[in-house]
Amino acid sequence: MSVYTELTLSEIQAFVAQYQLQAVAYQAIQAGIENSNYFETMTDGQQYVLTIFEELTHQEASFLAPLLQHLQQSGVAVAAPLVASNGQSLLMLNEKAAQLAPRIQGQHPLQVTTAQAQIMGEQLAKLHLALKKYPLKRSNAHGEAWWQKEAAKARNGMSQVEQLILDTVLNDFEETTEDFDDLPKGLIHGDLFRDNTLFEGDKLNAILDFSEAGKDYWLLDVAITINDFCSEWPNVTLNEDLYQAFLTGYQKVRKLTEDEQEVLPTFLAMAALRFWLSRLSVAKRNAAEGRTGEHVLQKDPQEMLAMVKARLAE
């Protein structure tokens with residue numbers, strides 16, 4: 001959600017006119033690391049979010065609107081995109097896929113409460129079950145094949161200790177998934193951090209940004225969400241109360257299998273490693289392409305490395 005595609009008001013006005021809307025103001029959104037996002041205000045005061053997909057082609061991003069509409073109908077808190085005058089939810093802007101969705105009120109939680117952790121667990125389980133028979137055939141773009149490739153590219157820039165940590169987590173995950181070969185799989189969110197949610201107090205108003213959605217282990221999604229929602233920020237160690245609240249909420253909707261409960265620590269370490277590699281990759285790309293500026297947010301890879309170490313110790 002950093003801003004890589006800079007827009008003018010006239011460009012935004014031309015885009016939203018396709019939805020029979022008139023924009024009078026806009027604001028770049030600095031959060032996340034992949035897509036460009038803008039808040040837009042219309043003549044009637046209503047606000048919307050314009051998303052420009054920087055990584056996904058039009059064809060790749062076309063799954064999002066029907067997916068979000070399905071989740072909304074299933075009672076999952078999401079913001080489904082609008083339908084334009086041509087009957088489409090996904091349009092083109094500056095030769096990139098783009099969509100417009102209602103702006104949902106709320107804040108990203110900075111210090112998570114146990115109530116928020118529990119509702120996130122409930123909503124994630126609800127999301128998994130709602131998508132259990134959804135027909136989308138899409139693998140996790142940042143799953144095992146990706147992290148093996150990124151690990152090979154990042155290795156040369158690592159210290160010996162970092163290489164040892166990398167190998168330990170990757171090998172442990174590979175052995176675990178070979179030994180426990182029937183762990184439940186399905187469509188996952190894949191990036192459910194606090195900055196992809198909006199809360200008002202302890203009420204969850206929306207889960208955002210499904211561009212990472214794809215098929216993988218449900219437990220990987222659980223681990224990704226736990227790592228961000230249940231850590232002692234700015235410390236990356238797990239908060240036991242938040243952790244148990246999340247698991248209580250999740251299992252209220254979908255009970256984890258005995259195998260999932262046994263291997264969850266391995267998945268927590270792997271989820272942290274996945275985002276360590278992602279942040280290393282983004283930092284390298286930003287440097288290579290000169291992607292800088294006040295609207296480009298680059299998250300710290302060392303934060304995720306510290307989390308990997310913490311999960312191994314825990």
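**Group meeting: helix packing in a predicted model**

Which residues of helix 3 are buried? In this helix, residues 64–73, they are L64, A65, L67, L68 and L71. Around the axis they span an arc of only 165°, which means they sit on the same side of helix 3. Just after helix 3 comes G75, with a positive phi of about 90°.

Next, a pair of helices. Two packed helices are described by the angle between their axes and by the distance between those axes. Helix 5 covers residues 144–154 and helix 6 covers residues 160–179; their axes come within 12 Å and cross at roughly 155°. Angles over 145 count as roughly antiparallel, and helix 5 and helix 6 are therefore roughly antiparallel to each other. Their crossing is left-handed.

What meets what in this pair? From helix 5 we have E144, W147, Q148 and A151, and from helix 6 we have L166, L170 and F173. Sorted by type, the residues of this contact are 5 nonpolar, 1 polar and 1 charged.

Last, a lysine. K203 lies in strand 8, residues 203–207. Is K203 buried or exposed? Its relative accessibility is 53%, and the cut-off for exposed is over 50%, so K203 counts as exposed. Along the chain, K203 and Q261 are 58 residues apart, and their C-alpha atoms are separated by 27 Å.

Technical notes
Residues numbered from 1 in each chain as written. Predicted model: local features only at pLDDT ≥ 70, side-chain atom pairs only at ≥ 80, totals over all residues. Heavy atoms only, no water. Axes fitted to C-alpha atoms, helices over the stretch in contact; angles between N-to-C directions. Helix = DSSP H or I, 4+ residues; strand = E, 2+ residues; numbered from the N terminus. Parallel < 35°, antiparallel > 145°, perpendicular 65-115°, else oblique. Left-handed = near helix turned anticlockwise from the far one by under 90°. Contact = heavy atoms within 4.5 Å. Nonpolar A, V, L, I, M, F, W, Y, C, P; charged D, E, K, R; others polar. Buried < 20%, exposed > 50% of the residue type's maximum accessible area, 1.4 Å probe, protein only. Arc of directions from axis to C-beta.
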